[in-house]
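Subject: Structure handover

Hello,

Here is the structure we discussed. Please look it over, then read my notes below.

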Amino acid sequence: MRTLCASTLIGEFFVIGFAGLVAMKNPDLTQTQVWTVCGVTMLLSVLLCGMLSRPGAVQLGWALQIGLIASGFVVPTMFFLGAVFAGLWWCSVHYGRKIDAIKARWAAAQEAPAAADAV
């Protein structure tokens, strides 16, 4: 699960960085607004990427996704982008857990013959 979640967070980092560059061309938004939203989100994405092995990391990831959607009140494009990233986060968590279960079963199956040979 950590690999998929980390990939999603790093993807968010880059996409939001590029979205910030595009949003700066919007005359209704100031540079401060854009980079407050984008900069904080990019920083939190990288920090959370390093915390994925800690308890509560998935919940913090959900908080980040909700924050992304809520940042649409400052930069309206973030409503759409936040919803897309929330969907990606759900897929990363859901399918990442399935992949972890499959890997654990496979490792146990590989370990069983080795344990029998040792006896």
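A cut-off to start with: a residue is buried under 20% relative accessible area, exposed over 50%, and partly exposed in between. Cys49 has a relative accessibility of 22%, so Cys49 counts as partly exposed. Please keep in mind that this is a predicted model.

Confidence

The chain has a mean pLDDT of 89. Of its residues, 95% reach 70 or more. Among the elements of the chain, helix 3 (residues 57-70) has the highest mean, 93. Helix 4 (residues 77-118) has the lowest, 87.

Helix 1

Helix 1 covers residues 2-23, 22 residues in total. From first C-alpha to last, helix 1 reaches 30 Å, close to the expected 32 Å. Which of its residues are buried? They are Cys5, Ala6, Thr8, Leu9, Glu12, Ile16, Gly17, Gly20 and Ala23. Seen down the helix axis, these buried residues fall within an arc of 170°, so they line one face of helix 1. The face turned away from that buried side carries exposed Thr3, Phe18 and Val22.

Record annotation

An unreviewed UniProt entry lists residues 6-22, 34-53 and 65-90 under "transmembrane region". In the model, residues 6-22 are 100% helix and 0% strand. The end C-alpha atoms of that span lie 24 Å apart. Residues 65-90 are 77% helix and 0% strand, with end C-alpha atoms 10 Å apart.

Cys38 is buried, at 2% relative accessible area. Cys49 is in no disulfide either. Its nearest cysteine sulfur, that of Cys5, is 9.4 Å away.

Aromatic pairs

The count of aromatic pairs comes to three. One of them joins Phe13 and Phe14. Their ring centres are 5.2 Å apart and their planes lie at 85°, so the pair is edge-to-face. Phe13 is partly exposed, with 25% relative accessible area. Phe14 is partly exposed too, with 46%.

Trp90 and Tyr95 also pair. Here the ring centres are 6.2 Å apart and the planes are at 80°, so this pair is edge-to-face as well. Trp90 is partly exposed, with a relative accessible area of 41%. Tyr95 counts as partly exposed, at 41% relative accessibility.

Best wishes

Notes
Residues numbered from 1 in each chain as written. Predicted model: local features only at pLDDT ≥ 70, side-chain atom pairs only at ≥ 80, totals over all residues. Heavy atoms only, no water. Helix = DSSP H or I, 4+ residues; strand = E, 2+ residues; numbered from the N terminus. Expected span 1.5 Å × (residues − 1). Buried < 20%, exposed > 50% of the residue type's maximum accessible area, 1.4 Å probe, protein only. Arc of directions from axis to C-beta. pLDDT = per-residue confidence, 0-100. UniProt positions renumbered as here; feature names shortened; annotations may be inferred. Disulfide = S-S within 2.5 Å. Phe/Tyr/Trp six-rings, centres within 6.5 Å; stacked < 30°, edge-to-face > 60°.
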